[in-house]
Amino acid sequence: MSDVAEFQLAGQTAVVTGSSSGIGRAIALELARCGADVVVHARRSREGAEQTAAEIRQSGRQSQVFMADLAEPAEQDRLAEEAWQWRGSLDIWINCAGVDLLTGEATRWTFEQKLEALWRVDVTASLRLAREVGRRMKARGRGVLLNIGWDQADHGMAGDSGELFGASKGAVMAHTKSLALSLAPEVRINCLAPGWIKTSWGETASAAWQERAKREAQLGRWGEPSDVARTARFLVSEESSFVTGQVWAVNGGFQES
């Protein structure tokens, strides 16, 4: 990577929610690699958050860990305030926190329990935090926001997971487009829509899912968290200064199977 790219975020302060693991961690590390100081957030995995922060510091950037349960509005507000006060302002905010319904205890929840959890964290927290931080950035005169959607929300996927993620991520994608109009021209906001990305679920998925993920990508492979992270870095940098209110798919060129 060129020196320009390595330092294109130099002097900027970023927040990445849900950055103790997976895509959030990859984004936080990518922003730090390109010069940003990064606030790391987690709900309960302090160990994972501290590991992310330690890697950021090893790259020569500064990092601070904030714990918050984003299912609670009061915790959302506290995170926004504490993160803003860490440096007195923020340049970048990325809403990457989301409920994991595909591994662990959540796989045994009812449809209604899953829907409530997704709506509180993936939808309400993303919308409220983007609005609040966007308001502060607009008053300051500049800033960039990024949300996380889902590539199949536009055309749908059968099954409980498809219905749940389609509804929740579709709401985030739609809100991003409207909020972009409210925040322009001072603040930009876009939405990433990842496809088959090999996070913790992908590592243990059955052979059928492994084959499907490769078959549905024109590039013939799973995406990696780093693929999403590099696109996120582009969208929060000056290289994309004429891009706002857009949903960017990161899915290897998804095609219906």
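Biologist: Is the crossing in which α5 passes α6 left-handed or right-handed?
Modeller: This is a predicted model, and the two helices are α5, residues 111-140, and α6, residues 160-183. The crossing in which α5 passes α6 is right-handed.

Biologist: At what angle do the axes of α5 and α6 cross?
Modeller: The axes of these helices come within 10 Å. The angle at which α5 and α6 cross is roughly 15°.

Biologist: Is α5 roughly parallel or roughly perpendicular to α6?
Modeller: The axes cross at roughly 15°. Angles under 35 degrees count as roughly parallel. The crossing angle therefore makes the orientation of α5 to α6 roughly parallel.

Biologist: How many residues of the contact of α5 with α6 are nonpolar?
Modeller: The contact of α5 with α6 includes five polar and eight charged residues. Its nonpolar residues number 14.

Biologist: How far apart are the axes of α4 and α5?
Modeller: Helix α4 covers residues 73-87 and packs against α5 at an angle of about 35°. α4 passes α5 in a right-handed crossing. The distance between the axes of α4 and α5 is 10 Å.

Biologist: Which residues in α4 meet α5?
Modeller: On the α5 side, the residues met include Arg120, Thr124, Ala125, Arg128 and Met137. By class, the contact of α4 with α5 has seven nonpolar, two polar and six charged residues. The residues in α4 that meet α5 are Pro73, Gln76, Asp77, Ala80, Glu81 and Trp84.

Biologist: What is the bridge partner of Val39 in β3?
Modeller: Strand β2, residues 37-42, pairs with β3 in the parallel sense over five bridges. The bridge partner of Val39 in β3 is Gln64.

Biologist: Which residue in β5 does Ile92 stand opposite?
Modeller: β4 and β5 pair in the parallel sense over four bridges. The residue in β5 opposite Ile92 is Val144.

Biologist: Is Ser19 buried or exposed?
Modeller: Ser19 is found in the loop between β1 and α2. Its contacts include Val39, Val40, His41 and Thr52, and its C-alpha atom is separated from that of Thr52 by 7.3 Å. Buried means under 20% relative accessible area. At 0% relative accessibility, Ser19 therefore counts as buried.

Biologist: Is Gly195 buried or exposed?
Modeller: Gly195 is found in the loop between β6 (187-194) and α7 (200-204). Beyond residues up to four places away in sequence, Gly195 touches Asp151, Val250 and Asn251. Its relative accessible area is 18%, so Gly195 is buried.

Biologist: At what angle do α2 and α9 pack?
Modeller: Helix α9 covers residues 225-236, and its axis is 8 Å from that of α2. The helices are oblique to each other, and their crossing is right-handed. The angle at which α2 and α9 pack is about 50°.

Biologist: How many residues of the contact of α2 with α9 are charged?
Modeller: Among the residues that meet are Gly22, Ile23 and Glu30 in α2 and Pro225, Arg230 and Arg233 in α9. The contact of α2 with α9 includes nine nonpolar and two polar residues. Its charged residues number three.

Definitions and conventions
Residues numbered from 1 in each chain as written. Predicted model: local features only at pLDDT ≥ 70, side-chain atom pairs only at ≥ 80, totals over all residues. Heavy atoms only, no water. Axes fitted to C-alpha atoms, helices over the stretch in contact; angles between N-to-C directions. Parallel < 35°, antiparallel > 145°, perpendicular 65-115°, else oblique. Left-handed = near helix turned anticlockwise from the far one by under 90°. Nonpolar A, V, L, I, M, F, W, Y, C, P; charged D, E, K, R; others polar. Contact = heavy atoms within 4.5 Å. Buried < 20%, exposed > 50% of the residue type's maximum accessible area, 1.4 Å probe, protein only. Pairing = 2+ DSSP bridges.
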